[in-house]
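Visitor: Please show me the structure, and then take my questions about it one at a time.

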Amino acid sequence: MIASRPAIQFSGSLQLTFRELWSTYVTLGLFVVSTICWLFLTFAMNLDVVEGSVAALRIFGFESTPTDHIRDPETGEWMSQSMGLDKLVVGIQSFVFGASYFLGTLLGIFAAAPLTASLVTESRIGLLLSKPLSRHRFLAGHVLGVFATVLLLSTYLVLSVWLVLSLKTGIWVPSFLLAIPIITLMFGVMYSVVLLVVVITGSSGFALVTSYGLIFISFILAAQEQILTQLITPGKEIFLGLYYLLPNFIEAVPFAVQLVEGDPVQNWVPITSSIVFGAVAFFGAFQWFSRKDF
Amino acid sequence: MHDPVVQATSLGKQYSGGFRAKPIQALSDFSLTVHRGEVFGLLGPNGAGKTTFIKALLGVIRPTSGSATLLGQPIGTPASRFRVGYLPEQHRFPGYLTAVQALDLYARLSGHDAPSRKSESVRLLGRVGLAEWADTKVKKFSKGMMQRLGLAQALMGDPELVILDEPTDGVDPIGRREIRDLVTWLSQSGTTVFLNSHLLSEVEMVCTRAAILNDGKLVGQGSIAELTTAPAAYEAQGTPVDAGLPGLPDGVTHDGELPWATYRIHADSPEELTAMLGQLIKAGVTLRQVTSGKRTLEQAFVEIVADAEAAN
């Protein structure tokens, strides 16, 4: 089958992004860390399960007994008991999700920002734009390449951890797989900031500062319930405006954990407002890129 | 006349100067036509607007006024660039790619299919003298080798128009000669070449026509023969006369070597030239031939630019 010219061009843009990301070694680093993670769960962690509870957990041969602290329904006092196996599995999966959500996004942005900035430097962009493909298609190939890399890496980590834990314990929690689209989506939201800033300014440093700054601000936004009680008009309205306008990277965590653990979601605002923010930033970046003089 | 490959009509480009700064007019009312099969040189001092013009043609920047076509297609559209090869003045290929991989990548972005990419890469690396470096990573290349690779990239897909922005920049004398030979070979094979260079001797050697840009404006254009023809200057060959011969008209100097002396005549009009030649004949000179005076392209360039700046 002969591929059409637009398909070949698009594959060229994708290939360029994949190769660039691979050459930075951050991709390789994340792949190695993911591999170590599932190898650790496979070979270093051993479980003794008695009647559905973890009697003993051995890591590299060192034994410990995971316990749960629960309140006695009769006396009302706190007491310890062996942790349920399903709870341990969900706990490990939540830990893997949290770590990959934060580290994956921060490192992913750290790798992608200079990559995107190098693409728009004078010594590269002139030749790339002289090729007979539209600017939108070229940039779409680049963005899709970044997204695809993050999707592949998060799939590799989450799927391997899920398979290892499920096969070892016999407890299958399919909702953990939702971590894959959530990590990719929230990375995408933060990457939209990087793309917009790089396309406008050409500076990867400024793009990193802006996106990390927004993550920092999202810590403040996450405390909106406490902060709103302290504010008066118009501070309250301004804070609420920022809460709905800016990406809620931190507040999306409880949302994601509820989804991953299979619990009902209490608040959809953090994720929907983040998606809207990302979509607007991507739209702005594409528009700016298509009109900019390089 | 062959059909136009590049046609610009009153093209202009103004850059905003930023906050509270004056805007910069990089290109003003620039009209130019390059015909199929020509080797066309665009000359100008640094900052004259040469690269701006090329970037506008290739859609890298957007002109603020006027219009232009490439191979009959309006500039800025992907279709206008499909049969165009381009070597930018500054270019950097990803260092982690080998020469073959770099060519394959850029040909892929041009939409060429896999079999043609492979055969073309091998052929063109041989053509630019990089065959034995085909599988070497680009980061190990010298500036000259990088320039040759850039040329090979520009020739991928057998383009109808090749735009070369300072192609001999950073290349040693032997490499320059090879690039000149390559341009000549391209011209002989029917490819139109648009050469942007400040090395005037090179332009004089390889180009059929040239235009001179100064301060964003077209200040001269024509064939190399036309541009190197000195205005109001003529040379006549004839029998020698004594230097102090009475009756030798003003504005005529001569080298009195035997058997033929060369008389250099300055005349602002054909009538004045005829009158001066008549005086020479009256003085006893037997004329053999009269030709227009010649100057090097460098002299022409300096004079044309100086005249333009004096007129401003």
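What follows is a short exchange of questions and answers.

Guide: This is a predicted model, in which local features need pLDDT of at least 70, side-chain atom pairs count only at pLDDT 80 or more, and totals for chains, interfaces and linings use all residues. Residues are numbered from 1 along each chain as its sequence is written, chains are lettered from A and ligands numbered from 1 in the order in which they are written, and side-chain values use heavy atoms, with hydrogens and water left out.

Visitor: How many salt bridges does the structure hold over all chains?
Guide: Side chains of opposite charge can pair when their charged atoms come close. A salt bridge here is a side-chain nitrogen of Lys or Arg within 4 Å of a carboxyl oxygen of Asp or Glu. Over all chains, the number of salt bridges is 13.

Visitor: With which residue does A:Arg124 form a salt bridge?
Guide: The closest N and O atoms of the pair are 3.2 Å apart, and the partner of A:Arg124 is A:Glu20. The pair links distant parts of the chain, 104 residues apart: A:Arg124 is in helix α4 (residues 122–129) of chain A and A:Glu20 in helix α1 (residues 5–23) of chain A. Helices are DSSP runs of H or I with at least four residues, strands are runs of E with at least two, and both are numbered from the N terminus. The partner asked for is A:Glu20.

Visitor: Is B:Arg117 buried or exposed?
Guide: B:Arg117 forms a salt bridge with B:Asp104, with the closest N and O atoms 2.8 Å apart. Buried means under 20% relative accessible area, exposed over 50%, and partly exposed in between (1.4 Å probe, protein chains only). Because its relative accessible area is 6%, B:Arg117 is buried.

Visitor: Which strand of chain B holds B:Glu235, the partner of B:Arg264?
Guide: B:Arg264 and B:Glu235 form a salt bridge, their closest N and O atoms being 3.8 Å apart. The two are 29 residues apart, with B:Arg264 in strand β13 (residues 261–266) of chain B and B:Glu235 in strand β11 (residues 229–238) of chain B. B:Glu235 counts as partly exposed at 29% relative accessibility. The strand that holds B:Glu235 is β11 of chain B.

Visitor: What share of the residues of chain B count as buried?
Guide: Chain B has 9 helices and 14 strands. Along its principal axes, the C-alpha trace of chain B spans about 75 × 50 × 35 Å. Of the 312 residues of chain B, the buried share is 49%.

Visitor: Which are the edge strands of the open sheet of 4 strands in chain B?
Guide: Strands of a sheet pair through backbone hydrogen bonds, either parallel or antiparallel. Two strands pair if DSSP finds at least two bridges between them. The order of this sheet in chain B is β2-β1-β4-β5, with antiparallel pairing. Each edge strand pairs on one side only, and these strands are β2 (24–35) and β5 (73–74) of chain B.

Visitor: Which residues does A:Ser34 touch, not counting residues up to four places away in sequence?
Guide: A:Ser34 is found in helix α2 (residues 26–44) of chain A. With a relative accessible area of 6%, A:Ser34 is buried. Contact means heavy atoms within 4.5 Å. By that rule, A:Ser34 touches A:Leu153, A:Tyr156 and A:Leu157.
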